[in-house]
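Notebook open, model loaded. I'm jotting down what I look up as I go.

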Amino acid sequence: MKLSEFEYQLPENRVAQYPIEDRESARMLVLHRTTGEIEHKTFRDLLDYLDDKDVLVFNDTKVFPARLYGNKEKTGARIEVFLLRELNHEQHLWDVLVDPARKIRIGNKLYFGEDNSMVAEVIDNTTSRGRTLRFLFDGDSEEFKKSLYSLGMTPLPECIKREAEPCDVDGYQTIYAKNEGAVAAPAAGLHFSKQLLKRLEIMGIDFAHITSHVGLGNFRSVDVEDLTKHKMESEQIFIDDKACEIVNKAKDERRRICLVGTTTARAVETACSTRGHIKPYEGWTNKFIFPPYEFQVGNSMITNFHEPFSTMLMLVCAFGGYKQVMNAYNEAMKEGYNIGPYGDAMLIID
């Protein structure tokens, strides 16, 4: 398929800019992928589509405050630094993006905090926008990370046209977030409240947790018409024995396996064996899923609505069927659904 086939008319002001207070009250479009039937529900109605011993697969990655603002030595120019991943725990080396990149060279020092309490030195240029920083800090690793994170802000995506506010500290985090390492929230999971999870547990729904540290690669624009030429950036994933046991048992018993989010779908497909079971996995994935693609794991999916031309939309189309999903998106836009991490949800089922 071609990039141009993933366009739809997105009305202005349809990207949700703030989290809603009652997470489970978000709207939910239900798409029956075999028939194309569409229903309009709220997220708490999810209980009506699941049965005892069905499985929900969650991504329990935790977003860290990855966006910092510092000043360049001598000139005092304001520089945005986006922490991507820690490269060396002991030496305080981080892979980062800087903006504006043209002003930053190897050897430059950046100062952070009102009292310039944190200093970093640029030691490498890795890409046109990327840099490697060494933070100069005398304390131990835990003290360093605590100081660094105290300077950081919640890394909201570009579609949210404002800087992070106090409501985003909890709002841009799933309630089951556990393993720190993501620079973007697995948005489909933002709709779950503690109360909803408890009701699902009482129903007998099984929960499987995997970790996929969401990176900026999900949000990078695709700049080639031929999708086979697009390369996804790698993301780190962890899938343990317990998650494999829960998912594989449900598959053998022909239960519903509902994947919560596109990052979860990518992770389990990466760890899938030729027999259709998932196996323990610790490593990286740059798997790019777009139509046509036959999923081995999962027969339903919860996802948010994504921007035109995005890799997340492509994955959803591969799961739900291109024509059915694009038709659902057009219907959702007519019905006033909101998109983005703080937007509404879609449930795709057979």
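Which residue takes a positive phi in the hairpin of β5 and β6? I found Lys74, with phi near 70°, in a hairpin that has 5 residues between the strands.

Ground rules before I go on. This is a predicted model, where local features need pLDDT of at least 70 and side-chain atom pairs count only at pLDDT 80 or more, while totals for chains, interfaces and linings use all residues. Residues are numbered from 1 along each chain as its sequence is written, and side-chain values use heavy atoms, with hydrogens and water left out. Helices (H or I, at least four residues) and strands (E, at least two) are DSSP runs numbered from the N terminus.

**Entry: strands around β5**

I looked at pairing here, which takes at least two DSSP bridges between two strands. Strand β5 (residues 67–72) runs antiparallel to β6 (residues 78–88), joined by 5 bridges. Arg67 stands opposite Phe82 in β6. β5 also pairs with β8 (residues 109–112), again in the antiparallel sense, over 3 bridges. There, Gly70 has Phe112 as its bridge partner.

**Entry: the open sheet**

I traced 9 strands in the order β2-β1-β17-β16-β14-β3-β12-β13-β15, with mixed pairing. β2 (38–42) and β15 (281–285) are at the edges with a single partner strand each, so one side of each has no neighbour in the sheet. From one strand to the next, the twist averages 25°. I then picked out β14 (residues 257–260) and β16 (residues 300–304), which pair in the parallel sense over 3 bridges. Val260 is opposite Ile302 in β16.

**Entry: Gly261**

Is Gly261 buried or exposed? Its relative accessible area is 8%, so I put Gly261 down as buried (under 20% is buried, over 50% exposed, in between partly exposed; 1.4 Å probe, protein chains only). Gly261 is in the loop between β14 and α5 (262–270). Leaving aside neighbours within four places in sequence, it is in contact (heavy atoms within 4.5 Å) with Ala188 and Ile302. I also noted that Gly261 and Val316 are 9.2 Å apart, C-alpha to C-alpha, and 55 residues apart in sequence.

**Entry: α6 and α7**

I checked how helix α6 (residues 311–320) packs on helix α7 (residues 322–334): the angle is about 120° and the axes are 6 Å apart. Axes are lines fitted to C-alpha atoms, for helices over the stretch in contact, and angles run from 0 to 180 degrees between N-to-C directions. That makes α6 oblique to α7 (under 35 degrees is roughly parallel, over 145 roughly antiparallel, 65 to 115 roughly perpendicular, the rest oblique). Leu313, Val316, Cys317 and Gly320 of α6 meet Tyr322, Gln324, Val325, Met326 and Tyr329 of α7.

Most residues other than glycine have a negative phi, and most peptide bonds are trans. I went looking for exceptions. Asp99 and Pro100 are joined by a cis peptide bond, omega about 0°, with Pro100 in the loop between β7 (93–99) and β8. The bond from Pro291 to Pro292 is cis too, omega near -5°. His92 has a positive phi near 60°, and His92 is buried at 5% relative accessible area. Asn116 has a positive phi of about 55°, but Asn116 is partly exposed at 41%.
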